[in-house]
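Colleague: I am new to this structure, and I would like to understand where the words used for it come from. Could you show it to me and then take my questions?

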Amino acid sequence: MKKACYIGGEWVETAEYAPLYAPFSGEQIAEIPLADAKTVEKAITAAEEAASVMRRMPAHQRANILEKISTLLNERLEEAAKIIALEAGKPIKTARGEVIRTIQTYKFAAEEAKRIHGETLPLDAAIGGEGRLAYTVREPLGVIGAITPFNFPMNLVAHKVGPALAAGNTIVLKPASQTPLSAFFLAEIAEQAGLPAGALNVITGSGGKVGDLLVTDPRIKAITFTGSPAVGIDIRNRAGLKRVTLELGSNSAVIVDRDVNLEEVIPRCIFGAFAYSGQVCISVQRIYVVKELYETFVEQFVAETRKLQGGDSLSESTDYSAMISPKETERALAWIEEAKQRGARVECGGETVGRVLQPTVLTGVPADAKVSCQEVFGPVVLINPVDTVDEAIALVNDSRYGLQAGLYTNNLALALQAAEQLHVGGVMINDVPTFRVDHMPYGGVKESGMGREGVKYAVEEMTELKLVVIKR
Ligand code: NAP
């Protein structure tokens with residue numbers, strides 16, 4: 001199946017193509033266009049030409065188109081889930097969950113399109129401000145460049161396309177090379193939903209090459225990027241005066257205090273650690289348990305982990321499948337080995353069956369081992385004991401990252417203290433950090449990024465505040 005780029009409402013072939021392989025079977029599933037500089041130029045030009053159309057389009061019409069995208073996606077939910085399961089190796093149950101979220105994200109965008117507004121300002125609060133009416137409006141920026149990762153190929157695209165269109169912008173989207181099919185599927189749906197030609201353009205190809213052209217082109221007014229910290233930081237360094245939103249990685253942690261109900265806590269922690277084999281930016285990577293509960297926690301956690309089913313991402317019974325690539329699997333295995341060398345114990349997992357890395361639980365991991373201080377982005381979790389929640393908060397904060405963190409406790413004072421002291425973008429009390437619904441503000445501090453997504457917040461990032469002052 002040979003795919004084409006989607007530019008200015010047309011499917012455009014390129015000179016070169018690359019094979020796309022399914023992570024679980026290793027079989028070729030498509031041929032993906034490799035956009036060259038001319039193709040990227042064409043996409044940016046199409047987006048720029050469509051910018052005036054989108055800017056003038058009334059809010060109700062933008063909302064209708066987004067609503068229609070949501071409806072059409074709902075009608076094709078199963079087909080969409082299969083695309084994700086195949087190209088991302090995401091278990092079909094989990095892929096279905098992603099599509100359901102994506103449907104909501106476009107719905108939120110449709111609703112948000114109708115409430116983008118400014119405020120009136122009492123200028124007479126300042127000496128010399130009398131006799132003037134002042135108000136602000138939020139205007140679209142124009143062309144947005146969006147670069148997305150492989151792990152949520154539909155919903156993380158929706159978090160960029162939805163708000164961009166809601167605000168009256170146009171967009172050039174470069175999806176991850178491993179998961180372009182979800183983006184092409186969206187282009188098809190957006191066209192059916194009546195989106196004007198050029199408002200959404202999808203181009204595929206090497207991140208370095210295509211990404212660089214988007215990041216440095218002056219016609220693109222903002223870059224919205226979700227992916228690894230290394231690439232994000234590089235983009236920020238090259239983007240000049242462009243707006244830049246960066247949603248990057250983390251080594252998220254959850255703290256378990258005494259007196260909590262482990263029957264509730266452990267299934268959530270297992271979900272947080274191993275959903276989509278830990279390839280989630282807010283995946284639980286570190287668990288700190290107060291020492292009274294530690295042994296019971298580890299024992300029950302390992303027993304429950306062993307019940308998870310590995311296998312083909314297209315099978316209904318699969319809980320975890322192959323990681324995105326053999327290279328990433330090798331990296332995760334090397335990090336597990338490093339932790340072992342440094343004295344960690346492998347409680348379960350730690351090896352592959354076929355292409356599938358087994359859910360791995362480590363104990364006794366030193367804080368400076370890679371599986372603790374860097375982002376594993378694989379099915380690996382460590383559980384370490386702590387004397388107090390205070391100590392755990394310090395360990396959570398001793399990280400380059402700060403996306404989300406969780407604390408299970410029945411102690412209100414401790415919960416409030418943690419909410420204040422945890423240096424992250426989002427604190428989840430009585431839940432794992434792996435909690436996200438699509439209208440909440442979402443983003444990180446430190447190397448986890450800058451700016452916020454969650455439709456309303458992304459709209460703010462993708463609009464310019466303009467002030468109007470009228471002297472009576
Ligand atoms: P990645 O390797 O950084 O790739 C992300 C995107 O950037 C891909 O489209 C990639 O294209 C492109 N890219 C690569 N090099 C580039 C360059 N030099 N200039 C511009 N673009 C470039 O990340 P990934 O492996 O797909 O995703 C995993 C990472 O994303 C993890 O760190 C995870 O935590 C993070 N993430 C964060 C969030 C969040 O909301 N905070 C959500 C999900 C994932 P190619 O595919 O062609 O290389």
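Modeller: What follows is a set of questions about the terms, each answered from the values.

Modeller: This is a predicted model, in which local features need pLDDT of at least 70 and side-chain atom pairs count only at pLDDT 80 or more, while totals for chains, interfaces and linings use all residues. Residues are numbered from 1 along each chain as its sequence is written, and side-chain values use heavy atoms, with hydrogens and water left out.

Colleague: How many helices and strands does the chain have?

Modeller: There are 15 helices and 24 strands, where helices (H or I, at least four residues) and strands (E, at least two) are DSSP runs numbered from the N terminus.

Colleague: Which domains is the chain divided into?

Modeller: Domain 1 covers 5-248 + 448-471 and domain 2 covers 253-437, with bounds that come from an automatic or database domain assignment. The centres of the two domains, taken over C-alpha atoms, are separated by 31 Å, and their contact, meaning heavy atoms within 4.5 Å, takes 28 residues from domain 1 and 27 residues from domain 2.

Colleague: What area do domain 1 and domain 2 bury between them?

Modeller: Buried area is the accessible area (1.4 Å probe) that two parts lose on being put together, summed over both, and for these two domains it is about 2,300 Å², with 58% of it on carbon and sulfur atoms. On the side of domain 1, Phe24, Phe150 and Ser448 lose the most area to domain 2, together 26% of what that side buries.

Colleague: Why is alanine 109 called buried?

Modeller: A residue is buried under 20% relative accessible area, exposed over 50%, and partly exposed in between (1.4 Å probe, protein chains only). Alanine 109 has a relative accessible area of 0%, and therefore counts as buried. This alanine is found in helix α4 (residues 92-112), and, leaving aside neighbours within four places in sequence, it is in contact with Leu66, Gly162, Pro163, Ala166 and Val455.

Colleague: How do you know whether isoleucine 336 is buried or exposed?

Modeller: Its relative accessibility is 2%, so isoleucine 336 counts as buried. Its place is in helix α11 (residues 326-341), and among the residues that isoleucine 336 touches, not counting those up to four places away in sequence, are Val346, Leu357, Leu362 and Val380.

Colleague: What makes a set of residues a nonpolar core?

Modeller: Such a core is a set of buried Ala, Val, Leu, Ile, Met, Phe, Trp, Tyr and Cys residues joined through side-chain atoms within 4.5 Å. The largest one here has 74 residues, and those with the most contacts inside it are Ile69, Leu73, Val99, Tyr106 and Leu200. Domain 1 and domain 2 both give residues to this core, so it lies between them. A second, separate core of 25 residues includes Leu262, Phe274, Val298 and Tyr408.

Colleague: Which residues is leucine 200 in contact with?

Modeller: Leaving aside neighbours within four places in sequence, leucine 200 is in contact with residues including Tyr6, Val161, Ile171, Leu186 and Leu195.

Colleague: What is the phi of serine 277, and where is this residue placed?

Modeller: Most residues other than glycine have a negative phi. Serine 277 has a positive phi of about 50 degrees although it is not a glycine, and its place is in the loop between α9 (262-274) and β13 (286-290). With a relative accessible area of 1%, serine 277 is buried.

Colleague: Why is lysine 446 called partly exposed?

Modeller: Lysine 446 has a relative accessible area of 33%, and so it is partly exposed. This lysine, too, has a positive phi of about 50 degrees although it is not a glycine, and its place is in strand β22 (residues 445-446).
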